[in-house]
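Subject: Structure handover

Hello,

Here is the structure you asked about. My notes follow below it.

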Amino acid sequence: MAELKIFSGNSSKKLAEKVCSLLGIKMSPLEIKVFSDGEKRFRIGESVVDRDCVVFQSTCPPVDENYMELFFIIDGLKRSGAKSITLVMPYFGYQRQDHVFREGEAVSLDVVVKIVESLGVDRVISFDLHSIKIPELFNIPFAHLSALSLFAEKINKDNASLVSPDMGGIRRIKMLSEITGLPYAVIQKDRDLETGKVEAVKIEGEIHKNAFIVDDIIASGKTIVVASDLLRQNGAESVSVLATHAVLSGNAVSDLQKSSVDRVIVSDTIDTEDKSFEKLEVISIADLIAKELKK
Ligand code: R5P
């Protein structure tokens, strides 16, 4: 079987390089020219005729720019005769806008699904989606992978318990509880959609001395900061965070560094090189992707 051709947009180059090296493949060249008005021109740098191609691109901030890049790369591959296109989108932007929360809103996720499919992507690989129903919105195969097994290895089980910072994370916390055998608690969280203010209202379940908050996304960091404070008030002596997607927007970096959290462990679905801080530790999902691509 001919080797895969692996390309990457700007947001996921480091992760794509890691996967290429695990697979023993050289990353395929992609020319990106930026014009003075900000528009970009993309060119696939080698022949892909009749080849199985893979495109890496996390649609993290700048979200719209990363999406546009991705769309143009897919179009370039299609026009150049690629036999198939697998989209590796480790972080899936707009996934939280999956229904109409308030009258008049757009369902951004639905728009993204339509565009990706209409461009001719054959398969999608993504990680720890906000809702397990997202793959069902696609009419193409979708591999929903998880970093939870990697996080399980980071947990010292001594006097420990898991915590979901909101009700939406119950499925995730139950899964990790099954893997680790640890008890768990769930926080009731309130977020004001107008002001963005987040409040950890109350906590139910077992809280042990060493608490591990498990979440899919850290965006503004507000969910984690208030959850950690509530855990401290309820007897936790150490608080660690395990979260797949380090969006780290707004003041998240400084807020988390000065928060009551001891350490923040994230995966590399999003490149954090320019957002590094003392409490941050990054583990890699490259091996999981390489295994999926080998299937
Ligand atoms: C929400 O339901 C998600 O699971 C995360 O808890 C949320 O997206 C985190 O956002 P932020 O860091 O802005 O509080």
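A contact here means heavy atoms within 4.5 Å. On that basis, residues 24 or more positions apart account for 61% of the contacts in the protein chain with a separation of 6 or more.

Some ground rules. This is a predicted model, in which local features need pLDDT of at least 70 and side-chain atom pairs count only at pLDDT 80 or more, while totals for chains, interfaces and linings use all residues. Numbering starts from 1 along each chain as its sequence is written, and side-chain values use heavy atoms, with hydrogens and water left out.

Overall fold

The protein chain has eight helices and 14 strands. These are DSSP runs, numbered from the N terminus: helices are H or I with at least four residues, strands are E with at least two. The C-alpha trace spans about 60 × 45 × 35 Å along its principal axes. Of the 295 residues, 50% count as buried. Buried means under 20% relative accessible area, exposed means over 50%, and partly exposed is in between (1.4 Å probe, protein chains only).

The chain exposes about 13,900 Å², and carbon and sulfur atoms supply 49% of that. Areas come from the Shrake-Rupley method with a 1.4 Å probe; for residues, only the protein chains shown count as cover.

Cys20 is in no disulfide; its nearest cysteine sulfur, that of Cys53, is 12 Å away. Cys20 is buried, at 1% relative accessibility. Cys60 is buried too, at 5%. The closest cysteine sulfur to that of Cys60 is in Cys20, 18 Å away, so the distance is too far for a bond.

Backbone points to check

Most residues other than glycine have a negative phi, and most peptide bonds are trans.

- Pro61 and Pro62 are joined by a cis peptide bond, with omega about -5 degrees. Pro62 lies in the loop between β4 (52-56) and α2 (63-79).
- Asp128 is not a glycine, yet has a positive phi of about 30 degrees. Its loop runs between β6 (123-127) and β7 (142-145). Asp128 is buried, with a relative accessible area of 7%.
- Asn159, also not a glycine, has a positive phi of about 50 degrees. Asn159 sits in the loop between α4 (148-152) and β8 (160-164). Asn159 is partly exposed, at 39% relative accessible area.

Best wishes

Conventions:
Disulfide = S-S within 2.5 Å.
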